[in-house]
Amino acid sequence: MSTTTVAHDEVHHDHPSGIMRWLTTTNHKDIGTMYLTFSLVMFLVGGAMVLGIRAELFQPGLQLMNPDFYNQLIGVHALIMIFAALMPAATGFANWMIPLQIGAPDMALPRLNNWGFWLLPPSAILLTLPFTLALFGIGDGAIATGWTFYPPLSVQGGIGVDFAIFAVHLLGVSSVMGSINIIVTLFNMRAPGMTLMKMPMFAWGWLITAFLLVATIPVLAGAVTMLLTDRHFGTHFFDAAGGGDPIMFQHLFWFFGHPEVYILLLPVWGFIPQILQTFSRKPMYGYKAQVYSLWAIGALAVVVWAHHFFTAGMPVPALLYFMYSTMAISLPLAVLFFCWIKTMWKGSMTFETPMLFAVGWIILFGIGGLTGLVLADVAADAQYHNSYFVVAHFHYTLFAGGIMGIMAGVYYWLPKMTGNMYDETLGKWHFWLTAISFNLTFIPQFFVGLAGMPRRIPDYALQFAEFNMISTIAAFALGLSQLLFVYVIIKCVKGGKKATDKVWEGAEGLEWTLPSPPPYHSFTEQPVIK
Amino acid sequence: MQVFKKIGLGFAAMLASLNAFADYSWNFPEPVTPMALDTLHVHNKFMLITMVIFVVVLAIMIYSIFAHRKNKGYKAVEDKAPSTAVEIFWVLVPFVILLLIDFVIMGIPAYHSVVMMEDTRDKATMVIKVTGSQWRWQYEYLDGEAQGIKFVSNLTTTADEQHNVAEKKENYLLEVDNHLVLPVGEKVRILMTASDVLHNWWVPQFGSSRVAVPGFIRETWVQVDKAGTYRGQCKELCGKGHGYMPVVVDAVPMEEYKVWVAAKKAEIAKAGEIKEMTKDDLVAQGKGVYEKNCAVCHQVNGAGLPPAFPAMTGSKIALGPIFGADGKYLKDSHLDRLLNGKGVMPAWKATLNDTEIAAVITYERQALGNAATVDPIVQPAQVKAARQ
């Protein structure tokens, strides 16, 4: 902060310092930092929960916890990782980088932005509070239905379900506000000359994500509200005895839940090509093809939801429709993979940590994508469904495809955000530890799943013991490796080699024309794109 | 990158060994129904295709990673989008390959598999009904000579095994008291439903899995072509006992099946007889019923898991009156709770017979630290009357 321009010192006076700065801030960079910090904290919380789960599964038998507590951990782990770790991380980057990338001074709706963030900590508390309350004899713990809230189990459940419903309401409101802000910003505040088809890919990814959020979050909110009234106000939306249907909830939930997967991944598909072009020193290949593919995926995302419950029973035409439409997603995704690899092809590559994560990400997300293609097959899905095969599949898409992508972004932009270079050696260690232990954790889960181990069970038959043991040991290695990540970030924030404005030799784009770190208020005069 | 290469090779080697030695421990267990066989073929074919795509793409990437490096002095070429016709052709190739895989190579067989899977009636020679409830399966034979056979299948793995006190037996968590018995080679139509929450009846070697939805009937079918005992589990999260409701099916030759049907019918007729029982007999039988059905929530010693699962010991319901002055059972009495359930407590009238309900009520009133003085015991005849 000391090596700043005069302009920076001037603006320093017009915002409060200390805790009030963070509570009242409407500055996109401050809010972005809060989102990212919150996300990191919740990533560790959700990770600690899953280590509890893996520890219980280390060997057959009940060692550490009763089945009810186990069920609470799996559900809250998922809710935290999806809603409180992965989504806020993407929103944090959007706040930080979208104004910088499109040459805008701030987000279009700064106060909405502040409100959007401050809804998150209360919802995180709502999700985790029932654990604590149970210790004092209030209620019977957190939601124990898995993150999917399926009735009638969720109608039967205790107050943890109500807490989770309200948490989802708040998180949904926060996401919708963030999305509206991003849509408005992208449509109104681009620098002169930046047409839509000149927007950075990250902005495109987020624009489609924002539309998906606005379209689907209200459906989720409606579904969980119907659940709430079924629980407490005598309605029968999901109760056959009153003319309802429990499977209707699954349709409503996955109408949100499937696009949610792309909501988590589209921002990553936005900045990975930017990282690839930076470290290949070569412009990204097929910009237009990528943009159209993102749109195609966004559109397909809202019409394939029922492949999440093929085994719930559907007419044959419905099964066929959802199978073929799901398979169709592989087409635009193939275009994207082609463009990503072609961006690297005949480049002049170097492998700093962000590039390592980006390349590792392509490979591991590829495994997630290919296993997803297999899962679309209705006949084979009867076997995969709700087995550990599915658990492994969606961790390849959401941990490798989501979180490792976010990590690539963290290393890529951290020097820009802090003005300091991170420790490259430690960063590389972090990558290799994460990639190796991640694979050792989840590859065994493909095999136990095929062999017939269902997911969400606290104890298992003896034939699954060896694979589970490997998986648990690797999961602890994966968890501990993330402490290194935290250390690298803290070390970088505190100091280190000063970063240049451009940071990376091959970096292109408006954010790299600003000083590192950028001044508190950037682009007070709009740049012009030719 | 070499790690990934190794993993890729590992996958490939695994796949090769799978076809060569049919070693199913890395893959689906041995299929014993036409559906499972079909599923295995679909799976193997799909896995092979995706593995080839993966390895080819990985190889291209790895080549690029080693060849096009800055520290080898490689200069980046300017190449933003396909420009010539040849380039556009190469861009379209992967697209077309995938189109073929999705909708022809995989898509057409997938269509036939789906049609086969959903055809539950054609050539089916018998019908059974499977009901999932927390946390056990109930089976009912709906037609043929076995019509009327109906029983509940409970986990027999002991709490001591689960808590690592006793040594775990071979079929840990996969053994039940009453196996479902099916004749070999017959197509069996299965009607599926549930009494409380969603369950999913799944035997990996059968390749069929269907969600049991309360209030609705779902269908699937099995045709077991090889005699043997097959084990599976519930695979839809159904509460704290989700991991403890296995499925065990004995597939036996037709003659053996007929013998079993006759024996089972005789057994059920005997159990259904209503006779006057002494307190000690009721308590003795009730202990077994309690530990099999009730102890999951209310615990073996009756302490329960408050607040969700109340204690039996000292319970107002277990010590309070059951019958009113008119001889009918009272609302919210011990018997009412057993028969009809309330909230998380399931209704047992469809699951347990008169003698079992009488026995377990008597056990709960006269054991587990209780000694009820009002309505100390309940006779099977009283339960039978209460059902009217």
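1. In this predicted model, the C-alpha centres of domain 1 of chain B and domain 2 of chain B lie 36 Å apart, the domain bounds being taken from an automatic or database domain assignment. That assignment divides chain B into domain 1 (2-72 + 79-118), domain 2 (126-271) and domain 3 (273-387). The contact takes 10 residues from domain 1 of chain B and 11 residues from domain 2 of chain B, two residues being in contact if their C-beta atoms, placed from the backbone, lie within 7 Å. On the side of domain 1 of chain B that touches domain 2 of chain B there are seven nonpolar, two polar and one charged residues; Ala, Val, Leu, Ile, Met, Phe, Trp, Tyr, Cys and Pro count as nonpolar, Asp, Glu, Lys and Arg as charged, and the others, Gly among them, as polar.

2. Residues are numbered from 1 along each chain as its sequence is written, and chains are lettered from A and ligands numbered from 1 in the order in which they are written. Local features need pLDDT of at least 70 and side-chain atom pairs count only at pLDDT 80 or more, whereas totals for chains, interfaces and linings use all residues.

3. Chain A has a mean pLDDT (the predictor's confidence in each residue, from 0 to 100) of 92, with 97% of its residues reaching 70 or more. Over residues 1-11 of chain A, however, the pLDDT is below 50, and this stretch has eight contacts in the model beyond near neighbours in sequence.

4. Between the chains, 79 residues of chain A are in contact with 84 residues of chain B. The elements of chain A that each supply at least two residues of the side touching chain B include α4 (67-102), α10 (246-280), α13 and α17 (424-451), helices here being DSSP runs (H or I, at least four residues) and strands likewise (E, at least two), numbered from the N terminus. By class, this side of chain A has 49 nonpolar, 21 polar and nine charged residues.

5. A:Lys346, which follows α13(A), has a positive phi near 60 degrees.

6. B:Trp202 stands opposite B:Ser209 in β7(B). The hairpin has four residues between the strands, and B:Gly207 takes a positive phi near 70 degrees.

Definitions and conventions. Two strands pair if DSSP finds at least two bridges between them.
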